[in-house]
Amino acid sequence: MSTNNLHGPSLPDDTTVHLVLDLALRIGEVQMASGASAADVTATILSVTESYGLPHTEVDVIYTSISVSCHRGWGAPPITAVRVVRQRSLDYTRLAAVEHLVRNLGPIEEAHSELEQITNAPHPYPRWVATAAWAGMAAAVAFLVGGGLSLAITAAVVTAVIDRVGRVLNRRALPFFFQQLVGGALATGAALTVYWTGLLPAVRPSLLVAVGIVVLLSGLALVSTVQDAISGYNVTAAGRTVETVLLSAGLIAGVALAIRTAVHFGLPIRLSDPLPALISAVPMQFAAGAATSAFFALACYARPRALVAAAVSGAIGTASYGLATSAGVDALLASAVAAAITGFGGATMTRRLRIPTLVVVQAGVVPLLPGWTTYRGLFQLTAEGDPAGLSTLVFASGIALALAGGVVFGEYLAQPVRYGLGRLERKFAGPRMSGPLKPTRRRLE
């Protein structure tokens with residue numbers, strides 16, 4: 001046996017190894033904070049370490065921390081570094097900038113400097129633009145569920161107020177569970193006020209609540225949760241699931257609290273009018289879905305090119321759902337089919353455009369989130385005392401899982417179309433939605 005085989009590969013000095021591991025960890029932190037899956041983060045970190053000459057690196061990603069260990073042969077102890085992911089923020093511009101950095105790695109000092117600029121840079125748009133984008137998204141969802149101009153304007157105003165209140169609560173470090181509770185209570189309280197006062201007879205209160213639920217659900221990492229579970233990262237999937245369930249429970253609690261308060265004080269309440277068809281005219285559904293996804297991407301600080309891709313994804317997804325339901329397909333299956341088409345289309349077009357796939361597919365399924373079904377189940381349980389509300393909520397959860405699973409499956413089907421099954425890709429079970437497809441071709445000294 002040769003000496004090289006006995007003692008392992010020739011590696012850079014300790015200082016360089018520490019710099020490489022720190023760079024890889026910080027890149028992975030940005031990805032995790034932006035909602036990327038554990039499989040994507042792992043592949044990206046391995047890509048970075050291999051590019052800088054560390055071929056034998058082990059990566060362990062869980063929901064709140066990332067560990068990287070560099071094996072240096074039998075003659076030296078491994079070097080291990082850990083980084084905790086403390087904050088999470090949907091800034092798709094930052095995610096895209098990090099992917100560009102990984103795709104074009106240079107000398108280690110320059111890479112550190114560029115990453116420092118990326119992480120310390122302010123959001124590309126002022127905060128009021130994000131508020132306006134959430135309001136615009138609510139207005140688009142209002143048209144999507146069959147509402148008119150009055151509902152769209154009312155939903156936009158209510159959503160803007162919820163966003164600003166949430167901003168204030170976030171500055172005071174209120175846990176997100178209570179922020180979701182406050183948001184659900186405000187959305188339902190606004191609908192109750194509209195109903196009691198009769199000031200806006202053209203506005204259907206049930207649809208107003210449904211729009212608020214869609215907006216508040218849109219930021220949850222449903223796609224990444226399912227992707228982690230399918231890829232075998234069960235610990236991270238469990239952590240994301242707990243967070244998703246907890247935030248959803250906060251939203252449900254806020255809606256239920258407002259309804260139960262009205263019932264307790266004997267106030268007249270009748271918000272359970274039946275939901276019309278999503279929209280029978282596919283062209284209108286096409287436009288509303290595109291606007292919903294584009295506004296969501298804008299609220300998450302995506303760049304203009306990503307906004308266009310998100311709009312196309314949303315239009316395709318909602319139109320697919322509308323055509324499927326018009327053909328008599330069950331809502332659950334129609335959601336899965338539409339999400340699969342969205343995942344396939346998003347994966348095939350984003351790599352050429354140098355846009356993270358996660359941005360497009362996450363925005364593409366937002367118009368299909370089960371807002372009204374969730375509200376209907378809550379109303380049955382809290383106002384009507386009907387146990388059937390539980391099965392309605394289970395059905396809403398099934399739709400959400402169908403959307404997330406369909407996106408992951410569609411992205412998986414798109415792999416041969418995009419790049420074939422390469423050596424690095426075969427190391428990981430499941431598709432990629434963030435990070436480079438392969439390491440930098442050259443070894444960086």
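Which residues have the most contacts inside the largest nonpolar core? The views below answer this and more.

**View 1. The whole protein is a predicted model.** Local features need pLDDT of at least 70, side-chain atom pairs count only at pLDDT 80 or more, and totals for chains, interfaces and linings use all residues. Residues are numbered from 1 along each chain as its sequence is written, and side-chain values use heavy atoms, with hydrogens and water left out. The protein has 17 helices and three strands. Helices (H or I, at least four residues) and strands (E, at least two) are DSSP runs, numbered from the N terminus. Of the 445 residues, 53% are buried. Buried means under 20% relative accessible area, exposed over 50%, and partly exposed in between (1.4 Å probe, protein chains only). Take the contacts (heavy atoms within 4.5 Å) with a separation of 6 or more: 74% join residues 24 or more positions apart.

**View 2. The largest nonpolar core has 78 residues.** Met137, Val255, Phe296 and Tyr375 have the most contacts inside this core. A nonpolar core is a set of buried Ala, Val, Leu, Ile, Met, Phe, Trp, Tyr and Cys residues joined through side-chain atoms within 4.5 Å.

**View 3. Helix H6 covers residues 127-144.** H6 has 18 residues and reaches 26 Å from its first C-alpha to its last. That is close to the expected 26 Å at 1.5 Å a residue; the expected span is 1.5 Å times one less than the number of residues. H6 is mostly covered, with 14 of its 18 residues buried. Gly146 follows H6, and its phi is positive, near 100°.

**View 4. Trp134 and Phe296 form an aromatic pair.** The structure holds two such pairs. Rings of Phe, Tyr and Trp (its six-membered ring) pair if their centres lie within 6.5 Å; planes under 30 degrees apart count as stacked, over 60 as edge-to-face and the rest as tilted. Trp134 and Phe296 are edge-to-face: 5.9 Å centre to centre, 70° between the planes. Trp134 lies in helix H6 and Phe296 in helix H12 (residues 282-299), so the pair ties together parts 162 residues apart in sequence. Both Trp134 and Phe296 are buried.

**View 5. Phe177 and Phe178 form an aromatic pair.** This pair is edge-to-face too: 5.2 Å centre to centre, with 85° between the planes. Phe177 counts as partly exposed, at 23% relative accessibility. Phe178 is partly exposed as well, with a relative accessible area of 41%.
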